Amino acid sequence: MRTVRQVLESKNPEVHAIGLDAPVIDALRLMAEHGIGAVLVIEQDRLAGIVSERDYARKVVLSGRSSQQTPVRDIMVGAVSTIGPDDTVPRCMQMMTDGRFRHLPVLEDGRVIGIVSIGDLVKAVIEDQQVELDQLQRYIAS
């Protein structure tokens with residue numbers, strides 16, 4: 001069973017983050033620039049929250065607020081579920097399904113070391129299934 005550490009090793013390790021007081025427009029630009037759907041909110045080297053495109057749509061656009069005037073702290077999710085590098089892919093997928101979110105920050109010793117998305121996890125599952133299928137086909141053929 002693949003671990004989060006293995007998933008992180010197979011993807012771009014860069015973590016994109018923004019400060020609490022940054023305007024929402026800066027978070028949106030960061031997401032657009034890197035083709036991602038969420039950024040972590042970091043305050044004094046600690047995870048303070050996460051902000052996603054969904055948060056923007058629901059808490060800025062639908063509320064008629066200004067992206068330039070609204071600070072990230074006003075729309076972020078502060079109570080963030082996190083995982084460790086030794087957690088398994090199925091556990092992460094279950095957490096995301098139960099919590100109805102798509103991004104999980106990875107913490108080790110209280111420090112952010114990465115983030116995994118539902119896409120990262122689905123990719124890992126598909127790769128593992130392909131390896132298993134190949135092994136079964138080789139076994140049957142031999």
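**Ground rules.** I am working from a predicted model, where local features need pLDDT of at least 70, side-chain atom pairs count only at pLDDT 80 or more, and totals for chains, interfaces and linings use all residues. Residues are numbered from 1 along each chain as its sequence is written, and side-chain values use heavy atoms, with hydrogens and water left out.

**Layout.** I find five helices and five strands in the chain. Helices (H or I, at least four residues) and strands (E, at least two) are DSSP runs, numbered from the N terminus. In sequence order the pattern reads α-β-α-β-β-α-α-β-β-α. The C-alpha atoms fill a box of roughly 65 × 30 × 30 Å along the principal axes. Of the 142 residues, 35% are buried. I use buried for under 20% relative accessible area, exposed for over 50%, and partly exposed for in between (1.4 Å probe, protein chains only). I also looked at contacts, meaning heavy atoms within 4.5 Å. Among contacts with a separation of 6 or more, 54% are between residues 24 or more positions apart.

**Salt bridges.** My rule is a side-chain nitrogen of Lys or Arg within 4 Å of a carboxyl oxygen of Asp or Glu. That gives eleven salt bridges.

Arginine 2 pairs with aspartate 128 at 2.7 Å, N to O. Arginine 2 sits in the segment before helix H1 (4–9) and aspartate 128 in helix H5 (residues 118–141), so this pair ties together parts that are 126 residues apart in sequence. Arginine 2 is buried at 16% relative accessibility, while aspartate 128 is partly exposed at 33%. I also see a network of salt bridges linking Arg2, Lys123, Glu127 and Asp128.

Aspartate 26 and arginine 29 form a salt bridge at 3.4 Å, N to O. They are three residues apart in helix H2 (residues 24–34), which puts about one helical turn between them. I get 31% for aspartate 26, partly exposed, and 52% for arginine 29, exposed.

Aspartate 55 and lysine 59 bridge at 3.6 Å, N to O. Both belong to helix H3 (residues 53–61), four residues apart, again about one turn of the helix. Aspartate 55 is buried at 10%; lysine 59 is partly exposed at 29%.

**H4 against H5.** How do the axes of H4 and H5 cross? The axes of helix H4 (residues 89–99) and H5 come within 10 Å and cross at roughly 140°. That makes H4 oblique to H5. Axes here are lines fitted to C-alpha atoms, for helices over the stretch in contact, with angles from 0 to 180 degrees between N-to-C directions. Angles under 35 degrees count as roughly parallel, over 145 as roughly antiparallel, 65 to 115 as roughly perpendicular, and the rest as oblique. On the H4 side I list Val89, Cys92, Met93 and Met96, meeting Ile118, Leu121, Val122, Ala124 and Val125 in H5. The residues of this contact divide into nine nonpolar, no polar and no charged. Nonpolar covers Ala, Val, Leu, Ile, Met, Phe, Trp, Tyr, Cys and Pro; charged covers Asp, Glu, Lys and Arg; the others, Gly among them, are polar.

**Threonine 3.** Threonine 3 lies in the segment before H1. Buried or exposed? Threonine 3 is buried, at 19% relative accessible area. Leaving aside neighbours within four places in sequence, threonine 3 is in contact with Pro85, Asp86, Asp87 and Thr88.
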